[in-house]
Amino acid sequence: MPNIIAVVCASYGLAQSVCDGEDLPARAERFFRSDHTNNWAVLVCTSRFWFNYRHVANTLSVYRSVKRLGIPDSHIVLMLADDMACNHRNPKPATVFSHKNMELNVYGDDVEVDYRGYEVTVENFLRVLTGRLPPSTPRSKRLLSDDHSNILIYLTGHGGNGFLKFQDSEEISNVELADAFEQMWQKRRYNELLFIIDTCQGASMYERFYSPNLMALASSQVGEDSLSHQPDLAIGVHLMDRYTFYLLEFLEDIHPASQANMNDLFKVCPKSQCVSTPGHRTDLFQRDPGSVLITDFFGSVRKVEITMETINLTVPGIPLERFGGEPHTETALAYVDQLPVAQIIHQKPKQKDWHPPDGFILGLWTLILLVFFRTYGIKHLKHIF
Amino acid sequence: MGLLSDPNRRRALTNLLTRLNTPICVLCYLAGVAWFMGLAFEPFTLRTYMSENAMGSTMVEERFPAGERALVTAREFGAHKRKSGAMPVDWLVKTMQSRGLEVYTQSFSRRLPFPDENKERYMVRGTNVYGILRAPRAPRTEALVLSAPCSPDNSNNQAVGLLLGLAQYFRSQIYWAKDIIFLVNEHDLIGMQAWLEAYHHTNITGMDWAPLHGRGGSIQAALSLELSSDVVTSLDLVLEGLNGQLPNLDLANLFYTFCQKQDILCTIQEKLQRSDWDSVSGYSQAVQTMALMVLKQASGRPWGDHGLFLRYHIESATIRGINSFRQYKTDTTTVGRLLEGMFRKLNNLLERLHQSYFFYLLPSLSRFVSIGYYMPAFGFLAVILLLRALDLWVQLGALPSVTEDGVGSRALPLQSSSPSLVSILTPVVISHLTGAALYTLPVLSQELAVQHFPVSETEAVVLTAIAIYTAGLALPHNTHRYSSIAKQGWRVLKLVAVLYLAVLLSCTALINFSLGFILALTLVPVAAFVTPHVPKVLSAVVMVLLAPGCTLLYCVFAFQELQEAPVSLIDGWMLFLSVISQGMLDHALYGSLVYPLLALFIYPCWLILWNILFWK
């Protein structure tokens with residue numbers, strides 16, 4: 001049930017100036033738009049080596065935006081596969097720039113990397129998502145989300161049709177990822193999840209999702225490559241990928257009170273700027289993307305509304321828009337039967353290979369025998385019968 | 001029945017093979033030559049591209065400022081060199097130390113097997129000086145090398161000056177992930193060989209060198225610089241190394257990319273790029289460039305100081321500055337920037353260059369022919385030998401059936417096989433002994449020759465070699481005079497010779513395609529047509545004209561023609577003699593394999609064929 005926080009503020013002109021000229025029930029309506037109470041972010045950069053500088057810069061730019069909009073380090077799991085800031089080849093040590101001419105240093109001095117270097121593996125990533133970590137894992141390396149958490153997952157690196165490469169030695173497939181999200185759903189580890197991926201053929205990674213409340217964005221369609229944005233000649237590498245560059249530009253305009261919604265996010269980096277066609281997927285998402293605020297995922301915005309008046313909230317819930325327009329019926333939630341024994345025992349064995357029908361084989365043999373007897377003479381037939 | 005087991009069908013096939021053998025051989029030969037000529041045709045070649053991801057399309061900003069200061073250093077170096085007569089070791093050590101490098105020296109000495117008349121040296125003693133720029137933050141596991149030779153005359157001063165200028169500039173940068181070794185080697189290739197052998201703790205050629213006191217990590221790439229003028233009009237890239245080994249094509253691509261970026265004219269085989277490769281003149285230039293590369297590769301000698309690095313799997317190339325009469329000149333600062341850019345890109349490498357081709361031919365700097373495209377040219381020539389071998393096998397198999405008609409001649413076919421074994425071993429052994437004599441005697445007997453004839457040691461060696469070569473023509477051919485059925489023994493000998501030649505040429509072509517192809521061009525027709533039944537005098541003349549020695553002579557003339565410096569017959573002959581002496585010296589000093597291959601294997605093979613011609 002949505003939290004009912006209606007604070008009756010005592011005096012102070014503050015409330016007056018905020019609530020001037022707005023309809024109170026409308027504001028109350030807006031208040032219950034989303035049912036999450038906390039925000040988490042899992043930001044992963046999967047490639048190492050100096051020439052993949054841009055992937056680390058991508059992840060750090062999203063980290064910077066997410067932190068700026070309010071998600072604290074304790075709620076961010078940052079996984080960086082390589083250390084670009086202290087790489088021997090970095091002419092500006094301890095910095096990672098996202099804009100050329102060194103305008104913006106996204107490394108800064110309060111970056112907290114949770115998984116670094118060789119710890120960024122497919123196994124660790126999936127364990128973080130599903131929560132199956134050994135008891136010795138520190139809190140900073142865990143995704144301690146609950147059923148009211150909105151999670152932002154950002155992946156970047158080198159990918160292909162249906163897979164994402166981790167560290168030059170392994171891959172995660174879209175099926176694995178979809179199953180991980182299903183595990184998260186069954187354990188109610190998220191309320192809503194926004195998945196952003198900036199790799200080549202990124203759209204293939206969200207094709208297989210089947211859990212509810214997932215929204216996905218990718219920087220390119222299947223068969224397209226995501227391109228890098230600009231090289232910095234002094235550093236000698238490409239600094240950012242195009243999609244994340246324009247995403248960063250978009251996010252720089254977002255502040256915690258901003259009302260920009262997901263439809264604006266879908267418009268980030270059109271084909272003219274990105275060369276590839278960004279894609280998104282919203283069919284598994286329950287709410288209308290137009291009513292989802294950017295800060296629902298990218299920021300950790302505390303819902304505090306100050307009003308001098310009392311609002312009657314006896315109206316039972318606000319009907320949210322659904323596909324098909326059916327009213328949302330509250331069914332008792334139960335866990336899926338993990339081991340349906342009855343089904344397994346009484347299952348008919350599936351015929352794996354196709355065998356030709358039995359009659360066909362019989363007919364074939366009859367034909368062979370007839371040909372044999374015709375060729376070599378009918379007299380042999382008496383030996384059979 | 002099967003195709004080969006049915007006697008009727010087999011006879012039909014073998015008849016076909018025998019009847020059509022000569023036409024197919026001629027066709028294959030023409031196809032091989034045409035394929036080779038067609039390699040340089042522009043639509044059949046591929047454009048070069050950078051394969052290594054780590055060096056990719058990322059450009060760097062080169063900021064080397066000190067070209068003029070490098071020229072001043074070069075003049076100082078030249079003055080000190082003139083004053084001391086040899087390499088100014090103390091001055092170099094002091095200068096490198098003042099630039100912040102770790103400086104070490106290495107002395108070496110070597111006595112050549114006979115005096116080298118081209119470079120006028122016999123007892124060589126020298127010192128290499130090298131300074132190591134340690135990477136500021138990286139572990140000392142990998143290194144890059146920039147080298148410049150110290151030449152006795154007034155050349156290559158600017159190379160050393162630029163090397164020292166770059167050393168000073170590189171020292172102030174913090175982005176080096178590999179150690180950079182700045183090497184000034186004396187006596188060009190001999191000094192380089194001493195340094196490399198000491199660096200890698202090997203001793204291949206029996207040189208006497210002092211061990212190195214300072215070392216970087218394992219060398220990933222090396223560039224050798226030859227610059228003899230203050231301004232250059234073009235930069236030439238030299239790739240061919242020892243035994244025809246080539247560096248990874250990515251190194252050439254890197255050079256070409258940076259030349260285009262700095263807007264410097266870059267050449268290969270000293271031929272300029274052009275825009276109309278598909279015209280007739282464009283095609284002829286491409287063929288000339290490719291033929292020059294083939295000839296250089298076939299000679300098996302390192303054509304720049306970089307050539308010795310390749311043996312240790314270090315990708316290296318030589319950049320030579322050329323100052324010709326052209327209006328557009330490039331100053332030293334730009335050359336320095338080109339080298340800076342190349343080194344920054346090589347710095348980004350995480351593993352040795354291996355993504356691009358190791359075996360290729362370059363008709364121009366922007367186009368290449370890979371091994372998959374040029375090998376069929378040699379394949380056609382090798383097929384001729386196999387067809388001939390099959391033909392001989394068929395003939396040998398058919399012979400007993402001819403003699404079976406006679407009464408009591410059943411014993412004869414059996415007899416004909418055993419004496420022919422002895423009779424074919426004798427020419428083989430004698431040919432190989434002659435080859436061994438050709439390999440060892442010239443150097444060993446130079447003192448004897450000098451005592452009896454008024455020639456210098458080098459001339460004595462070369463003339464002894466030619467004498468032994470010619471004496472091989474007069475070898476006895478009738479060792480089998482006393483065996484009864486020897487008339488057909490030549491077939492067995494020819495079969496052995498043809499198969500031996502096929503194996504030899506194929507193995508050579510795998511390692512050094514150019515050498516294998518050039519030898520095949522002249523030896524395969526000889527091996528194919530020679531029998532005792534062809535007209536003797538004419539065939540003898542043709543065989544001598546297509547012998548390995550004359551092939552070398554033609555190559556010398558062709559090389560001069562392609563370099564656009566044609567020589568007269570006398571000069572050509574003198575050049576030919578010097579080529580022989582250089583070949584022997586290369587083998588003794590650096591381990592080049594061309595001279596032993598020709599003397600110990602190709603020449604005996606040719607002698608066996610000569611023997612077959614005069615079979616009685």
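This is a predicted model: local features need pLDDT of at least 70, side-chain atom pairs count only at pLDDT 80 or more; totals for chains, interfaces and linings use all residues.

**Entry 1: domains of chain B.** Chain B splits into domain 1 (2-38 + 374-406 + 420-613) and domain 2 (53-365). I looked up the separation of domain 1 of chain B and domain 2 of chain B, and their C-alpha centres lie 38 Å apart. I then looked up the contact between the two: 36 residues of domain 1 of chain B touch 38 residues of domain 2 of chain B.

Entry 2: Which residues of chain B does the UniProt annotation "transmembrane region" cover? I found 20-41, 420-440, 460-477, 498-531, 537-559, 566-585 and 597-615, all from an unreviewed entry. I checked two of these spans against the model. Residues 20-41 of chain B are 86% helix and 0% strand, and the end C-alpha atoms lie 31 Å apart. Residues 566-585 of chain B come out at 85% helix and 0% strand, with 25 Å between the end C-alpha atoms.

**Entry 3: α13 and α14 of chain B.** Next I turned to helix packing. Helix α13 (residues 489-511) of chain B and helix α14 (residues 513-529) of chain B have axes that come within 8 Å and cross at roughly 165°. I therefore noted α13(B) as roughly antiparallel to α14(B), since the angle is over 145 degrees. The crossing of α13(B) past α14(B) is left-handed. On the α13(B) side I listed K494(B), V498(B), L501(B), L505(B), T508(B), A509(B) and I511(B). Their partners in α14(B) include F513(B), L519(B), L523(B) and F529(B). By class, I get 14 nonpolar, two polar and one charged for the contact of α13(B) with α14(B).

**Entry 4: α8 of chain B and α4.** Helix α4 (residues 157-171) of chain B packs on helix α8 (residues 332-347) of chain B at about 55°, with the axes 11 Å apart. That makes α4(B) oblique to α8(B). I read the crossing of α4(B) past α8(B) as right-handed. From α4(B), the contact uses L162(B), L166(B), Y169(B) and F170(B). From α8(B), it uses T332(B), V335(B), G336(B), L339(B), E340(B) and F343(B). My class tally for α4(B) with α8(B) is seven nonpolar, two polar and one charged.

**Entry 5: α8 of chain B and α6.** I stayed with α8(B) and looked up helix α6 (residues 249-262) of chain B, which packs on α8(B) at an angle of about 135°, the axes being 10 Å apart. α6(B) and α8(B) are therefore oblique to each other. α6(B) passes α8(B) in a right-handed crossing. The α6(B) contacts are L251(B), L254(B), F255(B), F258(B), C259(B) and Q262(B). Among the α8(B) residues they meet, I noted R337(B), L338(B), M342(B) and K345(B). The contact of α6(B) with α8(B) holds eight nonpolar, three polar and two charged residues.

Entry 6: Last, I moved to chain A. Which residues does UniProt list for "active site"? The unreviewed entry gives H158(A) and C200(A). They span 43 residues in sequence, yet no two of their C-alpha atoms are more than 6.4 Å apart, so they gather at one spot. I also looked up where H158(A) sits: in strand β6 (residues 158-160) of chain A.

Definitions and conventions
Residues are numbered from 1 along each chain as its sequence is written. Chains are lettered from A and ligands numbered from 1 in the order in which they are written. Side-chain values use heavy atoms; hydrogens and water are left out. UniProt positions are given in the numbering used here, feature names are shortened, and annotations may be inferred rather than shown by experiment. Helices (H or I, at least four residues) and strands (E, at least two) are DSSP runs, numbered from the N terminus. Axes are lines fitted to C-alpha atoms, for helices over the stretch in contact, and angles run from 0 to 180 degrees between N-to-C directions. Angles under 35 degrees count as roughly parallel, over 145 as roughly antiparallel, 65 to 115 as roughly perpendicular and the rest as oblique. A crossing is left-handed if the near helix is turned anticlockwise from the far one by less than a right angle, and right-handed if clockwise. Contact means heavy atoms within 4.5 Å. Ala, Val, Leu, Ile, Met, Phe, Trp, Tyr, Cys and Pro count as nonpolar, Asp, Glu, Lys and Arg as charged, and the others, Gly among them, as polar. Domain bounds come from an automatic or database domain assignment.
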